[in-house]
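Here is a friendly set of notes to read alongside the coordinates. Keep the viewer open as you go through the points.

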Amino acid sequence: MRIFDPHIHMTSRTTDDYEAMAAAGVRAVVEPAFWLGQPRTSAASFADYFDALIGWEPFRAGQFGIAHHCTIALNPKEANDPRCREVLELLPRYLAKDRVVAVGEVGYDSMTSEEDAVFAAQLKLALDVDLPVLVHTPHRDKAVGTRRALDVIREAGIAPERVVVDHLNELTVDMVAGSGCWMGFSIYPDTKMDEQRMLRILQEYGTARILINSAADWGTQRPAEDPEDGRGDAGGRLLRRRRGQGAVA
Ligand SMILES: [Zn+2]
């Protein structure tokens with residue numbers, strides 16, 4: 001089985017993860033730009049990070065036969081720091097690179113007015129450079145944040161089929177399904193969305209416009225371990241269970 005993980009932060013993962021992912025069948029990934037745990041204090045720090053996403057990280061992935069792509073943006077959490085606002089001026093240069101496949105992650109963390117402004121500016125930029133958009137929904141007040149994100153997307157005039165709204169759950173899937181945007185789900189081993197809940201959503205909504213990912217980032221995750229014991233890549237685990245339960249052919 002060949003697996004594409006459309007949202008995984010490999011910067012925070014070890015080389016062992018790449019090795020296990022390759023063994024599980026992962027052949028391509030998209031790594032969205034996000035926060036690095038320690039808050040950054042200047043745009044220059046982002047430039048170094050973006051350079052790593054288009055240079056060093058594809059090299060790491062390539063050693064395991066995995067094609068690495070990324071999305072570039074000022075993430076919602078750091079949109080609140082005025083020292084990072086200059087990052088918006090760096091973006092056009094990076095969005096023109098071959099391996100950059102979308103603007104993201106944009107959206108909401110705490111739903112501040114600063115986040116509103118940075119989100120709207122980056123949606124406009126996506127329209128200008130004709131790239132799709134990856135939208136992060138907040139972990140707190142998720143339903144309110146998702147509704148607000150859908151409103152801003154609609155107001156921006158971007159085609160919904162060019163937008164993925166990610167980190168969905170049972171409370172937010174319906175509104176995104178109705179919006180025409182793609183629905184993203186991040187599967188975690190211990191918290192938030194898990195495979196069984198995801199299966200129930202797939203049984204209800206089918207597979208159209210749905211993307212399932214590992215996200216990974218700084219928490220516990222098993223991007224891929226042993227594909228035989230059902231603990232492998234989130235997408236792979238799900239496919240195996242889905243087949244086993246006859247949910248979808
Ligand atoms: Zn992410």
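1. Let's start with Arg154, which is found in helix 6 (residues 142-156); helices here are DSSP runs of H or I with at least four residues, strands are runs of E with at least two, and both are numbered from the N terminus. Arg154 is partly exposed, with 14 other C-beta atoms within 10 Å. On that scale, a residue is buried if 20 or more other C-beta atoms lie within 10 Å of its own, exposed if 12 or fewer, and partly exposed in between, with C-beta atoms placed from the backbone. Ser179 is 25 residues away from Arg154 in sequence and 8.8 Å away in space, C-alpha to C-alpha.

2. A word on provenance: this is a predicted model, in which local features need pLDDT of at least 70 and side-chain atom pairs count only at pLDDT 80 or more, while totals for chains, interfaces and linings use all residues. Residues are numbered from 1 along each chain as its sequence is written.

3. For the overall picture, the protein chain has nine helices and eight strands, and 43% of its 249 residues count as buried. Among contacts (C-beta atoms, placed from the backbone, within 7 Å) between residues at least 6 apart in sequence, 71% join residues at least 24 apart.

4. The eight strands of the open sheet follow the order 1-2-3-4-5-6-7-8, with parallel pairing; two strands pair if DSSP finds at least two bridges between them. Strand 1 (3-5) and strand 8 (210-213) are at the edges with a single partner strand each, so one side of each has no neighbour in the sheet. Neighbouring strands are turned by 25° against each other on average, direction ignored; the axes are lines fitted to C-alpha atoms, and angles run from 0 to 180 degrees between N-to-C directions.

5. How enclosed is strand 4 (residues 100-107) by the rest of the structure? Seven of its eight residues are buried, so strand 4 is largely enclosed. Three bridges pair it in the parallel sense with strand 3 (residues 67-72), where Cys70 has Val100 as its bridge partner. Strand 4 also pairs in parallel with strand 5 (residues 133-136) over three bridges, and there Gly107 is partnered by His136.

6. Helix 4 is worth a look from the end. Its buried residues are Val87, Leu91, Tyr94 and Leu95.

7. Asp98 sits in the loop between helix 4 (87-95) and strand 4. Is Asp98 buried or exposed? Asp98 is exposed, with 7 other C-beta atoms within 10 Å. Ile54 lies 44 residues from Asp98 in sequence and 8.7 Å from it in space, C-alpha to C-alpha.

8. Lastly, Val133 is in contact with residues beyond four places in sequence, including Ala102, Val103, Leu123 and Val163.

Methods. Two residues are in contact if their C-beta atoms, placed from the backbone, lie within 7 Å.
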